Each structure stands twice: as structure tokens, then as C-alpha cells.
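These are my notebook entries on a structure that I examined step by step. I begin each entry with what I looked up and then write down what I found.

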There are 2 protein chains.
Amino acid sequence: MLGTWVVGIDLGGTNLKVGLVDAGGAIAAIQTCPTEAQKGPDHFINIVDQLVDALCVQAKVSRSASILGAGLGTPGPLDFRKGIILKAANLPGWVNFPLRDRMAGKLRVPVVIENDANAAAYGEFIGQRPRASQPSMVLLTLGTGVGAGVIIDGKVLHGHFDNAGELGHMIVVPNGLPCPCGQRGCLEAYASAGAIARRFEQAVLAGESSSVPSGSDAKAISIGAHQGDALCRRIWDEACLYLAIACINIQHAFNPEVILLGGGMAEAGEFLLACVRSHFDANRWHLHDDFPRIELARLGSNAGIIGAAALAWEKLASASS
Amino acid sequence: MLGTWVVGIDLGGTNLKVGLVDAGGAIAAIQTCPTEAQKGPDHFINIVDQLVDALCVQAKVSRSASILGAGLGTPGPLDFRKGIILKAANLPGWVNFPLRDRMAGKLRVPVVIENDANAAAYGEFIGQRPRASQPSMVLLTLGTGVGAGVIIDGKVLHGHFDNAGELGHMIVVPNGLPCPCGQRGCLEAYASAGAIARRFEQAVLAGESSSVPSGSDAKAISIGAHQGDALCRRIWDEACLYLAIACINIQHAFNPEVILLGGGMAEAGEFLLACVRSHFDANRWHLHDDFPRIELARLGSNAGIIGAAALAWEKLASASS
């Protein structure tokens, strides 16, 4: 296959995904495998190197001639200037590791690293519109936790300490439910797929009845809510209420053009959107009529590699200009 | 007096303030007078024109030779691209008025308009550090309401719909106290000088006892809290708690280098700071140690004219480059 590619890498605590992505954001080939984080970052780098070989075979491209760079979305916190992963809850022992430069040394191409939620947000941003436009966008990824990324004027917002856009940990209920992060009342404690399953289980264990069995996940609970199960409906509705409050706060803080909902919980599609939009409209102010659109993310689990790759393409473009 | 100046204008619902400001942010002369908003925007423009004459006499400068431009901080919402004030709660009847161009026509110099809270934030930003640096900062102005402005990479954040940084209307208590904006549970409903006076009065009318008399303002209530009055202390402490939660949410959203507290309530100084910082530390996460500094604003009621003037200076610089 002719053309040039960068490697998009999505490093998760459980699995890693690597793809060849062209300058337009199209994926030519994808490989996934277990991260085996406990074997350490050098092992990870070797695995990625092997996967790039496999991708080149799969897509019939010459690695030395066609692979120009790589973008890596990783849990953090990171030090972007130094390209270092400071630590990560899901990657035990990966502390102060110079991920960018070690990966670049192994792959022998320039590497960009980005927070995984930011990379996904950038992927959705690229997927939303022509690259030339410069609007603003916020992505909330509703999975085990709530990841988030903020795009302002076409760029990922990093903040002074590289920790901007941690919107899953905005406090929506003062002194509310404990969050794994150590705070109380975070959005993530109410409105993630993980929180929905946890809250359902606690209610069932406390004796509340439901047509949905104990141990169900957020998907089963959303279906139960859709079918009218009272407990499922209450928990789902509360999650949507807090998502709506988060969207109101995001509207007041960033005033983006669009707020996207992605991740496992967003697989409920219109059932999620309608509920969040309804709470948004019931709780927002009415001083003016211009509000962000609340929509579903489009790229699913490929957003991370597309976004990371897009950042790598931009670094290549700025280096050659 | 030799040199060149721009006019900084701070348009409030009650008073307007106009100053001559040099390129370094120093004020050569100030004039204030009632806004008389009910007489309409054309009357306001005429008054400003007369005040500029008075300023030039006061500072002994030649108006035609020395006044290069003007910056105007105004309530909004605004349309920045068109320079229009869309409407303003405190300026009844000022609807869709082309404030920038009409002011420029009268003063015969280029005019920049900015949201008043953003102008104050930019003034504090300019006052904080050398102009060359590009950090991020958030200002919360705790007056009758809670105004706010967000500086990212040295620039005022406007957002897609020109309404970014309305942080006084972030919801901190779902279904909480009603806010004049129409929402419930806004930061402004708990943590403004106005809210503190209102909540105190309601408690006294409901029969709670206090050593501080009915009808007291936030300043008297803060002094009462400092002196140990139980009711004053409870209301003050709750205001500080919600300010701290707002600061945590600001830290997660923007991750700025510094969060400044200004406005009437900030006249309590260290008594306010210590209380907010203590709640911030008790409620924030502990995943890392890098947090925005929470500090007092420095410029007091001159922040608006200094910030508006600085924006005018920048427009002049970019027009001539």
C-alpha cells in the first residue's frame, strides 16, 4: 500500500491498541493485545514495536519508508514538556518514566504523548469537522470512570500543571458519595458506567427490588430503566441529572460549541441523550439562547488512536514548517 | 504631561469609572460619576466623552495628541465580533446596541469592548506579572453577585458563544437556593457578598439570634464571624466551603496557575483566604501535589479600567504590527 502513516497508540490498563492512521484520520490497520502493565514500560515498548511490524505486514506497507511518527495516548498524570509519565493508577510501578523518548528511540520516529482522555477528545474533534476550523469541544467518556478532554481553539487544553479537563472529578454533590480519587461527590461517583453498576448493586443489597438481576452492569441497568424498572430508572435518571449539571457547569466554564458523550454508557444512545438534554433544559439558565449542543461521540473506542495519531501528524507538520 | 494614554472605562449599573492608563498599566487620572443607565447608551457615551476631557485637564495631557484608544468593560452578554451589547440585567433598555463603534465614533479613537468581569480578570493578570509571560489565571469577583474571568495562555477565554467564564453560575448545590439568574444552587447564591447578607437576613427573620443587627451587610457579617458570632460564622463558613468547591472544580477544569478572589467580600482578606484554603485542602483530591495558588486580588476596584485599557493597548499594538 502506498502513502505515509503514523502509529496511533492507545495504552489502557488492560489492553493496548495500535493502529496505522493516515493524515486524514483514516485507519489502515489495527492490532490489539493485553497491556501486561505489570511487566513494566520497557516490555510495553517492545510489544508496540512488534505490533508496528505486524501492522505493516497487515497493511502491506514498508515500515522504514512509510511510518513517519507515532502518537501515544496514556493514563497520567504526565509531564508534557519532558514527555514523562509521572504515575498512573492503572499502571502500577510506571513512575517518572520517560515514555516519549524511550518509545521514540525504539520506533526510530518522533513520538508525541498525550493524556488518554485528551487524545480521545482530540480524535472526536478531528472526526467532527474539517481540520481547518478552530472551534471548541468537550468530550466526556462515561466508562468505568468519567474521562474528559477539552479542546479550545482547536487545541487540547493542558492547564498550568498539565491537569486541565479532569471534569469527571468536578464536585457535583458537596459531601456526596466517595469517589476512588479521594474526593466526595465527584461526577464520576454518580454518572459513570461503573458508578451506575455500583449504586444498583448497593441498592439491591440494601433490599430494594428490581426486575434486573444483582451483579448487572450499566448496560443491563440502562435497558432495565428503558423498560420501566423503577430502581434502574431512578439510578439512571440521577446519573443523567448529574451529567446535565456537569454540562451546565461546562457551558458556564468553557462555553464550547459542543459537548460529546462517549464511552460505554453512551451506547444507550438516544435514551441517554434525551434524559441528559431534558435535565439540562430544566436546570439551565434562560438569560440567552445559545447553548452547546449535547451529542453522542462518534468514533467509539478508536477515538484514542485517531486523536493520538492526529497529534503526531501535527507535530510532524510543525517540525517541517 | 508627556506620553501616550488609552482610556480605560468601567461601566457599572450604578457608577461608571474612567481613567487614563499608560502602556505599563499605570493610572494617570481617574474620574467617576453615576451611570444613569436609564438615560440610555447615547447619554453614557456623551458622559464618557466629557470625562475624557476632564481627565486630560486633570493630567495635563493633550487629548488629540496623547489619547490613542479606549477599552470598555461592560456588563453583557456581548457579541465581541460585532462589538454589540446584546442586553444587560443592570442596564435596562440597552438591547443590541453597537457600543464599540458608537463609542469609537464619539471618542475618535479605536475602542475595544470586553465583559466587565473579564476586563477585571485581565487587569489582575496584567498586574500580577510581566506582560511577556503566558500563564493562566482565574478571577472570582465576590460582590453583589459572583463575577469571573478566565485567562488561558495570556488571553481572555470567550468561548464559542462569548459566554465562557460565567463561574458564578456553576451549580454547586443541585436543586439548591434560587439564584437571580433563574438557576438553582449557583455559586453566586451562596458565596457572594449579596448572598451572605441575604442568607443572614433570612435567618434573623426566621428567629435565629445574632450579636450582629438585622440588615447588616457582608462586611459586618464577616466581622461578626471573625468575632465568634455563631450565625455569622455558619453563613460565612458555608460561603467559604462553596468557594472552595468552586476552586476545586476550577482546578479540574482549567488547572490555572492561580485563582484570585476579589470584590467586596475579599476585603475580609486573610480571614477569607484561610477559610477557603482550609476547605479546599479538606475537599480536594490527593493524587498529586500541584494545585493553583488561591490568593487575594490586588487591584481592587481599578482592575476593570486597567484590564480594559490593557486590551486596548494590545489592539493598538496588533493593528500597528
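**Entry 1. A term I needed.** Two strands count as paired if DSSP finds at least two bridges between them. With this in hand I looked up A:Leu140, and I found that its bridge partner in β11(A) is A:Leu261. I note here that the model is a predicted one.

**Entry 2. The sheet around β8(A).** I next asked in which order the strands of this sheet lie. I read the order β10-β9-β8-β11-β12 in chain A, an open sheet of five strands with mixed pairing. In general, strands of a sheet pair through backbone hydrogen bonds, either parallel or antiparallel.

I then went through the pairs. β8(A) and β11(A) are parallel and share five bridges. β8(A) and β9(A) run antiparallel and are joined by six bridges; in that pair, A:Leu140 has A:Ala148 of β9(A) as its bridge partner. I also recorded that β8(A) and β9(A) form a hairpin, with three residues between them. Five of the six residues of β8(A) are buried, and I therefore wrote the strand down as mostly covered, buried meaning under 20% relative accessible area.

Entry 3. The partner I checked for β10(A) was β9 (residues 146-152) of chain A: the two run antiparallel and are joined by two bridges. One of the residues I looked up there was A:Ile151, whose bridge partner in β10(A) is A:Val156.

Helix α4 (residues 116-128) of chain A packs on this sheet and touches β8, β9, β10, β11 and β12 of chain A. Its direction makes about 55 degrees with that of β9(A). I found a further helix, α9 (residues 270-283) of chain A, lying across β8, β11 and β12 of chain A. Helix α9(A) runs at about 165 degrees to β12(A).

**Entry 4. Strand β7(A).** Is β7(A), residues 111-115, mostly covered or mostly open? I found five of its five residues buried. In a regular strand the side chains alternate between the two faces of the sheet. I checked both faces of β7(A): A:Val111, A:Ile113 and A:Asn115 are buried on one side, and A:Val112 and A:Glu114 are buried on the other. β7(A) runs parallel to strand β4 (residues 67-74) of chain A, with five bridges between them. In this pair, A:Leu72 has A:Ile113 as its bridge partner.

**Entry 5. A sheet in chain B.** I turned to chain B and found an open sheet of five strands in the order β3-β2-β1-β4-β7, with mixed pairing. Its edges are β3 (27-34) and β7 (111-115) of chain B, each with a single partner strand, so one side of each is left without a neighbour in the sheet. From one strand to the next, the twist averages 15 degrees. β4 (residues 67-74) of chain B and β7(B) run parallel over five bridges, and B:Gly71 has B:Val112 as its bridge partner in β7(B). Helix α1 (residues 41-59) of chain B lies across β1, β2, β3 and β4 of chain B, at about 145 degrees to β3(B).

**Entry 6. Two helices of chain A.** I looked up how α7 (residues 218-226) and α8 (residues 230-253) of chain A meet. Their axes come within 7 Å and cross at roughly 110 degrees, which makes α7(A) roughly perpendicular to α8(A). The contact is made by A:Ile221, A:Ser222, A:Gly224, A:Ala225 and A:His226 of α7(A) with A:Cys232, A:Arg233 and A:Trp236 of α8(A). I sorted these contact residues into four nonpolar, three polar and one charged.

**Entry 7. The two chains together.** Chain A can be laid on chain B by a turn of 180 degrees and a shift of 0.0 Å along the axis, with an RMSD of 0.1 Å. The two copies are thus related as by a two-fold rotation axis. Of the contact residues of chain A, 100% recur in chain B.

B:Asn255 counts as buried because its relative accessibility is 0%. Apart from neighbours within four places in sequence, its contacts include A:His158, A:Phe161 and A:Asp162 from chain A, and B:Ser136 and B:Ile250 from chain B.

Conventions: Residues are numbered from 1 along each chain as its sequence is written. Chains are lettered from A and ligands numbered from 1 in the order in which they are written. This is a predicted model: local features need pLDDT of at least 70, side-chain atom pairs count only at pLDDT 80 or more; totals for chains, interfaces and linings use all residues. Side-chain values use heavy atoms; hydrogens and water are left out. Axes are lines fitted to C-alpha atoms, for helices over the stretch in contact, and angles run from 0 to 180 degrees between N-to-C directions. Helices (H or I, at least four residues) and strands (E, at least two) are DSSP runs, numbered from the N terminus. Angles under 35 degrees count as roughly parallel, over 145 as roughly antiparallel, 65 to 115 as roughly perpendicular and the rest as oblique. Contact means heavy atoms within 4.5 Å. Ala, Val, Leu, Ile, Met, Phe, Trp, Tyr, Cys and Pro count as nonpolar, Asp, Glu, Lys and Arg as charged, and the others, Gly among them, as polar. Buried means under 20% relative accessible area, exposed over 50%, partly exposed in between (1.4 Å probe, protein chains only). Copies are superposed by least squares on the C-alpha atoms of residues with pLDDT of at least 70 in both.
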